[in-house]
Amino acid sequence: MKKEIEKQFIRLGRRREIQFQNEQIALRPREYSGHVSSLDGCCSMVYDLIDLETGRVAGELALRLGEGPALFYLGHVGYHVDPPYQGRHYALQACRLALPVFREFGLHSFVITTDDDNWASIRTCERLGCRLESVVEVPGWCRSEFSLSERKRRYIFASFSDESRF
């Protein structure tokens with residue numbers, strides 16, 4: 001049975017309407033998959049990240065809600081910001097806007113993985129309040145299936161208690 005936030009995502013996505021926003025960006029639902037077999041049966045929700053000043057798509061935020069071997073290396077959150085919009089903390093803002101989704105799914109923490117040399121993503125994780133859990137070698141099956149690098153830094157977000165700072 002779908003959670004209310006999933007139903008809202010699907011409804012708003014059909015109408016191409018915004019689900020979350022702040023003063024600079026909005027998250028508009030784009031693609032929903034209820035049970036992705038390659039992601040260990042988890043739910044996937046992909047948002048367009050909209051720059052409110054221009055009204056243009058500036059990147060995307062992908063939420064993978066569940067647990068399993070693939071998610072250990074992929075993480076629960078994936079994002080990218082297109083070059084013209086980089087340096088504005090849009091990935092950080094998008095992650096903060098998506099916190100209600102994790103709460104509704106009953107997740108008390110989530111993982112973001114980054115490459116060792118992706119300094120922008122590392123800084124995003126740190127600013128979000130994540131802590132570096134470990135650096136792991138990605139197994140061959142996962143690298144080939146998801147085009148991942150050989151190593152990933154696993155950052156854990158586990159602080160829903162003090163959301164006033166967001």
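Which residues have the most contacts inside the largest nonpolar core? The legends below start there.

This is a predicted model: local features need pLDDT of at least 70, side-chain atom pairs count only at pLDDT 80 or more, and totals for chains, interfaces and linings use all residues. Residues are numbered from 1 along each chain as its sequence is written, and side-chain values use heavy atoms, with hydrogens and water left out.

**View A. The largest nonpolar core.** This core has 38 residues. Tyr47, Leu61, Leu63, Leu65, Val77, Val101 and Ile112 have the most contacts inside it. Helix α3 (residues 90-97) gives the most to this core, with six residues. A nonpolar core is a set of buried Ala, Val, Leu, Ile, Met, Phe, Trp, Tyr and Cys residues joined through side-chain atoms within 4.5 Å. Buried means under 20% relative accessible area, exposed over 50%, and partly exposed in between (1.4 Å probe, protein chains only). Helices (H or I, at least four residues) and strands (E, at least two) are DSSP runs, numbered from the N terminus.

**View B. Surroundings of Val101.** Neighbours within four places in sequence are left aside. Val101 is then in contact (heavy atoms within 4.5 Å) with Ile5, Phe20, Met45, Tyr47, Leu63 and Leu65.

**View C. The second core.** A separate core of twelve residues includes Val36, Ala70, Tyr73 and Phe146.

**View D. Aromatic pairs at Phe9.** The structure holds eight aromatic pairs. Rings of Phe, Tyr and Trp (its six-membered ring) pair if their centres lie within 6.5 Å; planes under 30 degrees apart count as stacked, over 60 as edge-to-face and the rest as tilted. Phe9 and Tyr32 are tilted, because their ring centres are 6.2 Å apart and their planes stand at 50°. Phe9 lies in helix α1 (residues 4-15) and Tyr32 in strand β2 (residues 25-36), so this pair ties together parts 23 residues apart in sequence. Phe9 is buried at 2% relative accessible area, while Tyr32 is partly exposed at 22%. With Tyr47, Phe9 forms an edge-to-face pair: centres 5.0 Å apart, planes at 85°. Tyr47 lies in strand β3 (residues 42-51), 38 residues from Phe9 in sequence. Tyr47 is buried, at 0%. Phe9, Phe20, Tyr32 and Tyr47 form one aromatic cluster.

**View E. Charges over rings.** The charged end of Lys3 sits over the ring of Phe105, 5.8 Å from its centre. Arg154 lies over the face of Phe72, 3.8 Å from the ring centre. The criterion is NZ of Lys or CZ of Arg within 6 Å of the ring centre and within 35 degrees of the ring normal.
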